Structures are given as structure tokens and as C-alpha cells.
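Have the structure open while you go through them.

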Amino acid sequence: MFGLPEDFTPQFLARLEELRIRTRRQYPGMGKGAHLSPKRGSSLEFSDYRHYSTGDDFRYIDWGLYARTDKYYIKLFKEEEDLLTYIFLDASASMRYPAEDRKFEKAVMIALALAYVALASGDRVMIRILAGAGDHPEPVFVHGRHRIVELARKLGEVEPGGRYDFAQALAREMLSIRRAGKVFVISDFLMMLNSVTKGLGLFMAASMDLTAVQVLGERELKGQGLDGDIEVVDSESGERLRVAIGAREREQYRQTMMRLTREIRSFCLKRGLHYSLYVTDQEFQSFFLRAVTELGLAH
Amino acid sequence: MGLLYPGALVFFAIVPALVLAYLARERPSRVTVSSVIAFRALRGLRKERFGGRPRLDWMFLVEVVLLSMAVLAMAGPYLVRKSTPIAVVIDNSAAMQAKLDSGFTRFEDAIGKLERKLSATDATETTIFVTTPAPHRIAPPFDSEPEAQIALRGIRSPAPSIVLRNRSRSSAQLIARSSAPISSTPNFSSVPSS
């Protein structure tokens with residue numbers, strides 16, 4: 001439908017519209033929206049008092065307080081603004097393998113679903129592609145739910161490829177980000193753990209609210225299709241390892257993969273970050289709607 | 001250097017066969033994976049081998065060295081050491097104190113001749129025996145000619161009043177016993193001075 005993936009049925013989009021992005025802190029936005037902002041404004045959320053001064057709107061004078069103190073005080077309210085949402089999508093070569101798992105395709109679907117949730121609730125979305133080939137969408141904020149079609153078209157032109165250092169790439173991206181907000185990082189995180197922690201730690205240092213979404217293929221998680229004496233080649237670094245895979249080694253491999261995901265999950269949860277693991281054999285719609293809390297969303 | 005069983009060297013023909021086997025070793029199927037991080041922890045990990053072109057394989061080198069050593073051992077190599085050991089027996093009995101026309105004693109004359117003889121030879125090992133007070137070797141074999149000459153100059157002849165009773169032992173007997181400890185029970189007899 002309109003260039004969106006098949007899973008984005010009208011029913012699914014309607015379910016997405018019921019969701020909104022939840023943040024643990026308030027961020028200033030760029031326009032009116034539904035999220036409380038640290039700025040003073042005209043919402044119903046009380047913020048503070050200040051002394052009345054000439055020119056203030058006397059409708060905001062707290063008469064009850066005047067009766068008790070015999071002084072004029074103006075009630076201040078919080079502003080409600082839109083939320084700046086950044087979606088970082090890993091498009092390195094590792095997202096291409098195993099080809100049967102279609103990891104990148106699933107990662108794009110998650111990015112689009114998250115973008116739609118944000119756009120539907122009036123927030124601004126910027127999608128930034130890490131590595132990858134083909135035309136990348138411009139790193140600008142888009143606003144309005146109709147822009148999801150444009151995002152889907154642009155993401156459809158991105159081809160996974162190339163290699164990058166996760167922490168360094170994010171550090172470069174952070175230099176061009178001037179406003180804090182909600183961040184989603186979608187990647188397989190199949191890299192050295194310290195690179196992941198350094199990269200994600202950058203967002204914490206910048207006071208961003210982060211959700212890490214790890215996308216892994218069913219085959220790569222379970223080691224399916226690997227058997228006998230094989231030479232495995234790293235899709236990004238080109239490193240080659242000759243391994244003999246049997247039932248015992250496959251189980252060992254699976255446990256190592258699970259340990260890697262547990263370590264990333266543990267890192268995120270200990271620091272109050274959201275973490276969600278999506279394995280490609282899961283049905284996309286049910287995963288997304290079930291992992292609402294893990295993804296940092298709310299109804 | 002030689003070989004006891006040179007025929008065993010034919011087994012060196014196995015080395016080219018080993019090289020051929022190494023080159024023709026079955027190449028594993030290659031699989032591109034997203035990351036090799038999880039594979040590094042596998043117990044079944046093997047050393048990276050060439051994929052289409054030979055690479056240095058330490059195991060192969062070790063195999064070749066072991067095989068070569070085994071074949072050489074089968075061939076039985078031996079080493080012939082060329083050396084000219086010299087045994088010198090000096091009679092340092094009282095009779096050697098007799099004066100010669102030159103004014104030197106027989107003993108001094110003998111030592112002088114011996115020094116010149118040692119200088120002329122290319123002896124690799126010199127063993128010195130003396131006959132008095134009992135036949136014995138004066139020191140472990142000397143490896144160089146200067147050491148032997150210094151040792152010769154240190155030999156003293158006993159006083160003429162002491163006569164060695166068993167001086168009649170032959171030089172051959174002394175040399176034959178050179179490797180065994182020499183008996184240290186001298187047997188002297190005194191003779192009346194003239």
C-alpha cells in the first residue's frame with residue numbers, strides 16, 4: 001500500500017496510530033505537539049509561580065494565593081511540544097547476511113513502524129543511515145503522517161553494504177545533531193561489545209532517550225545451514241576462519257550468540273535504556289505490538 | 001660423517017608426497033556470515049588455510065621437519081672424530097739424575113727433548129704419566145700443547161737416595177691403566193748412599 005511493506009496493512013497502521021513514544025525526560029521540540037517540554041507555555045500542566053509584573057495576562061493570576069499572601073502571583077504552565085525522534089538504521093554489510101533472513105528488510109520495517117508512530121502523534125522524525133550503499137534519505141526532520149510514504153520510498157533505495165566502526169560512526173552523527181530527543185538505534189549489533197557500549201554511551205552522554213533494537217536472523221542466531229568443515233568469511237572485515245561445525249559446535253555457537261545479545265541487553269537495562277530483540281522468524285506485526293514497552297512506546 | 005644405512009634416505013621421497021597432499025588438501029566450503037565474532041569461541045576452530053593459493057602453515061612445516069628427522073634417524077648417521085692423542089711416560093726415578101756430558105741431568109735432557117717433540121706434533125690431547133713414587137697420571141689429559149709443557153716443567157725428580165722398586169713396569173701397562181684410578185700405595189726401599 002503506497003509503497004509501504006506488505007505488513008503495513010490499514011489495520012496495522014491503525015494500531016500504530018494508537019501508540020505514542022514515551023520518554024523518561026522532557027525534551028524541547030520544534031513546534032506544538034503532545035509531549036511536555038521543559039519550556040514554559042500554555043498547557044494544562046502546572047509548572048511554577050512567579051511574581052506578577054506589569055503587562056502579564058491577569059487571567060493567570062492565582063487569586064487563591066493572593067488571598068493567602070496578599071501578593072500577586074502568575075501561574076506558569078509547561079509547554080507541550082512535538083518530540084524530535086531520531087532513527088539510526090544500520091545498513092552495513094552485516095545486515096545483508098544471511099540473505100535468507102532478510103535482516104535489513106525487517107530492520108527497515110521496524111524503522112518505518114517507529115517513524116509512523118512518531119509521525120502519527122505529531123512528532124518529527126529524522127532517519128539516519130549508518131554505512132550502506134545507494135541513495136540515503138536526507139538527514140532532515142519530516143513532519144506529518146503522510147511523509148511515511150516518502151520515507152518508505154527512500155529507505156527502499158538503500159542497499160546494505162560497506163563496513164563501519166559503530167562508535168565512530170555514531171560519534172560523527174552526533175556532531176550534526178543539535179537537539180536532544182528520542183533515539184532509536186536499529187542494528188544487529190554484531191560487533192565488539194565495547195564498540196556497542198561506546199556508541200550507545202554517546203547518546204547517554206548527550207542526555208538522549210535511547211531504545212536499542214537488535215535485529216538478528218533466525219539462521220544466524222541458531223547457526224542453521226552451517227555444517228561440516230567450512231570457512232566463514234566476515235561480511236565486513238573479510239576475516240576468514242576455518243571451523244568444523246557439528247552438533248556440539250552449533251550449540252556452542254548458539255549459546256555464544258545468546259550471550260552476546262544478553263550482554264547488550266544487560267548493558268541497556270542497567271543504564272535505563274530500552275532494548276528489544278527481533279528475530280526474523282517472528283511475525284512482524286505481532287512482535288511490534290507485543291514489544292511496545294520494550295521499544296519505549298506507550299498506548 | 002657417514003651413514004650406516006644410506007638406503008633409508010629413499011624415505012625422503014615421502015616429503016614431496018606430503019607437499020602434494022598439503023596442496024591438494026580439500027578446500028572447505030566458504031560461507032559469508034554477518035560477523036565471525038561468535039565463531040571465534042568455537043572449539044572446532046581450525047587454523048586459517050589457503051583458499052586457492054598456498055599459505056604458510058606451521059603444522060605443515062612441523063610435519064616436514066619431524067619426517068626428515070625420522071628418516072635421518074633411520075639412516076643412522078655417524079660422526080668420525082679425527083684426533084691424535086699422545087701419552088707420555090717420563091721416568092722421573094733417581095737414575096734420571098745422572099749428569100750428562102752437556103752438564104744437564106738425564107731428566108732435564110729428556111724434558112727438553114719432550115718439549116721440542118710436543119711442539120712439533122699436532123696432538124689434540126696429551127696425557128702425562130710419571131713413574132715415581134708410583135706410576136700415575138699427573139693430571140687429566142691436556143687439551144693444548146702449552147698446558148702440557150707447563151705441566152712437564154712442574155715434574156720433579158725425587159732424591160737419588162730413593163729408588164723406586166717397581167720401576168720395571170712397562171709403559172704399556174701404565175697407558176693401559178690410564179683410565180682407571182692409580183693405586184696410591186707406594187712401595188719404597190732405601191739404599192745405602194755411596
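**Notes on the model**

1. Start with L112(A). Setting aside neighbours within four places in sequence, its contacts are L4(A), P5(A), I148(A), L151(A), A152(A) and L155(A). Contact here means C-beta atoms, placed from the backbone, within 7 Å.

2. L112(A) also belongs to the largest nonpolar core, which has 84 residues; the ones with the most contacts inside it are L112(A), I87(A), A111(A), A115(A) and I186(A). Helix α3(A) contributes the largest share of this core, 14 residues. A nonpolar core is a set of buried Ala, Val, Leu, Ile, Met, Phe, Trp, Tyr and Cys residues joined through C-beta atoms within 7 Å. Buried means that 20 or more other C-beta atoms lie within 10 Å of the residue's own, again placed from the backbone. Another core, of 11 residues, lies apart from it and includes I90(B), I111(B), V130(B) and L152(B).

3. Before going further, the ground rules. This is a predicted model, where local features need pLDDT of at least 70, side-chain atom pairs count only at pLDDT 80 or more, and totals for chains, interfaces and linings use all residues. Residues are numbered from 1 along each chain as its sequence is written, while chains are lettered from A and ligands numbered from 1 in the order in which they are written.

4. Now the chain A sheet. Six strands make an open, mixed sheet in the order β7-β5-β4-β9-β10-β13 (chain A). β7 (142–143) and β13 (274–279) of chain A are at the edges with a single partner strand each, so one side of each has no neighbour in the sheet. Helices (H or I, at least four residues) and strands (E, at least two) are DSSP runs numbered from the N terminus, and two strands pair if DSSP finds at least two bridges between them.

5. Within that sheet, β4 (84–90) and β9 (182–187) of chain A run parallel, joined by five bridges. The bridge partner of L89(A) in β9(A) is I186(A). Helix α3 (103–120) of chain A lies across β4, β5, β9, β10 and β13 of chain A, at about 175° to β4(A). That angle is between N-to-C directions, on a scale from 0 to 180 degrees, with axes fitted to C-alpha atoms, for helices over the stretch in contact.

6. Chain B has an open sheet of three strands with mixed pairing, in the order β5-β6-β7 (chain B). β5 (85–90) and β7 (136–137) of chain B are the edge strands, each pairing on one side only. Six bridges join β5(B) to β6(B) in parallel, and I86(B) has T126(B) as its bridge partner in β6(B).

7. Which strand of chain B gives the most to the side that touches chain A? β2(B) does, with five residues. Overall, 23 residues of chain B are in contact with 28 residues of chain A. Strand β11 (228–234) of chain A runs parallel to β2(B), with five bridges between them; S29(B) is the bridge partner of I230(A).

8. Finally, confidence. The model scores ipTM 0.76 and pTM 0.61. pLDDT is the predictor's confidence in each residue, from 0 to 100, and chain B averages 74. Residues 48–53 of chain B stay under 50, with 10 contacts in the model beyond four places in sequence. Where pLDDT is low, the predicted coordinates should not be read in detail.

Notes: Two residues are in contact if their C-beta atoms, placed from the backbone, lie within 7 Å. A residue is buried if 20 or more other C-beta atoms lie within 10 Å of its own, exposed if 12 or fewer, and partly exposed in between; C-beta atoms are placed from the backbone.
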